[in-house]
Amino acid sequence: MEIKIIKTPPEKLKPKPKDESQLGFGKIFTDHFFNMKYKNGKGWHDPVIEPYRPLQLDPTAMCLHYAQEIFEGLKAYRGKDGAIFLFRPTENIKRMNASAERMCMPAIDENVFLDALKKLVILEKDWIPHSAGASLYIRPTMIATEAALGVHPADEYLFFIVVGPVGAYYPEGFSPTKIFVSEKYVRAAAGGTGFTKAGGNYAASLYASRIAANMGYTQVLWLDARENKFVEEVGTSNIFFLIGDELITPALTGTILPGVTRNSVIQMARHFGIKVAERQLPIDDVITASQKGTLKEVFASGTAAIVSPVGQIYFRGKEYLINNGKTGPLAEKLYNEILQIQYGLKEDEFGWRVKIHG
Ligand SMILES: *Cc1c(COP(=O)(O)O)cnc(C)c1O
């Protein structure tokens, strides 16, 4: 499928942000976006990159009522000498199709998807920040657009991709977070949609996050919905615990988002010679390890921050300090190694980096 490109006229181009230290996350979007439509019987059609604009939707567009909506998140990185890289984009494409399958939405051809990512990022390449740690965030999204009420899979969809510059996650160095163990509210139940990036999962998570924020905590540490016993994820990131000399992360049981960064951390830690276990981990074991002094590090993983160290855990009225509230050496090492691969600053032994320009 050939992607049509309609360029924004020069006089209508937005001014680029002047101060890259003020970029933040998810506030600025570029001059163009990609979109294509789907209709039952016709399939995906009319792929186009066109001037960024609001969408037109019927008030009964089914995504607005029954949340048939999924998304992805990845980044484009500027390397030396005009090089532009994506990081494991095929993983995001496959995951989007896994989300689509679970939500009764149509799959997208992997080649068309990758082609759209590359063409859009290259067209918007002047928007990719130059400062260390900053990047171009990419948000592929699919929504049900059929105008109809009544709960059923829609027969029309829109797939679109928007991109926007985002700042370095740690402009002033790491700042370990404080996390709150939620025993009352859950993120995902077995048999549900926890493994998908479906919008509804995030709406359902807001209330617990607000309670945690009101108590002074940055993120919620989610436990499993059945027994309220096993750790699952933290906020919208995967989670790792270094207990003794073993790095433990919850297994992918269907309630956990299979993070691309999670997988990269596992592979890299094993490459360092560290013992990594993907298994169920009771919160009680984490607390016991903390009391015994064997809980060395806790960190979250995700595309936004790569690795985000946790300095404190709140559980049943008590606070447990991890590594004296400081970033641990393993989190720091993983962060640096993955970041250098993403920006083309070191050899990529894993074959993760995809050069799309330069
Ligand atoms: C996106 C996401 C992650 C992290 O996935 P990455 O592919 O590493 O960015 C983890 N948990 C949840 C709930 C997420 O939405």
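Mentor: Here is a walk around that pocket. The model is predicted: local features need pLDDT of at least 70, side-chain atom pairs count only at pLDDT 80 or more, and totals for chains, interfaces and linings use all residues. Residues are numbered from 1 along each chain as its sequence is written, and side-chain values use heavy atoms, with hydrogens and water left out.

The largest pocket holds about 690 Å³ of space. A pocket is an open set of points on a 1 Å grid over the protein atoms alone, where a 1.4 Å probe fits, with protein on both sides within 12 Å along at least five of seven lines; lining residues have an atom within 4 Å of a point. The volume is the space filled by probe spheres set on the points, which are joined across faces, edges and corners.

The lining counts 35 residues, and the closest to the pocket centre are Thr236, Ser237, Gly302, Thr303 and Ala304.

Now the elements, which are DSSP runs numbered from the N terminus (helices: H or I, at least four residues; strands: E, at least two). At least two lining residues come from each of strand 7 (135-144), strand 9 (177-182), strand 11 (231-234), helix 5 (260-271), strand 15 (295-302) and strand 16 (306-315).

Both domain 1 (4-166) and domain 2 (177-342) give the lining at least three residues each. Those bounds come from an automatic or database domain assignment.

By class, the lining has 15 nonpolar, 15 polar and five charged residues. Here Ala, Val, Leu, Ile, Met, Phe, Trp, Tyr, Cys and Pro count as nonpolar, Asp, Glu, Lys and Arg as charged, and the others, Gly among them, as polar.

For reference, the second largest pocket has about 260 Å³ of space.
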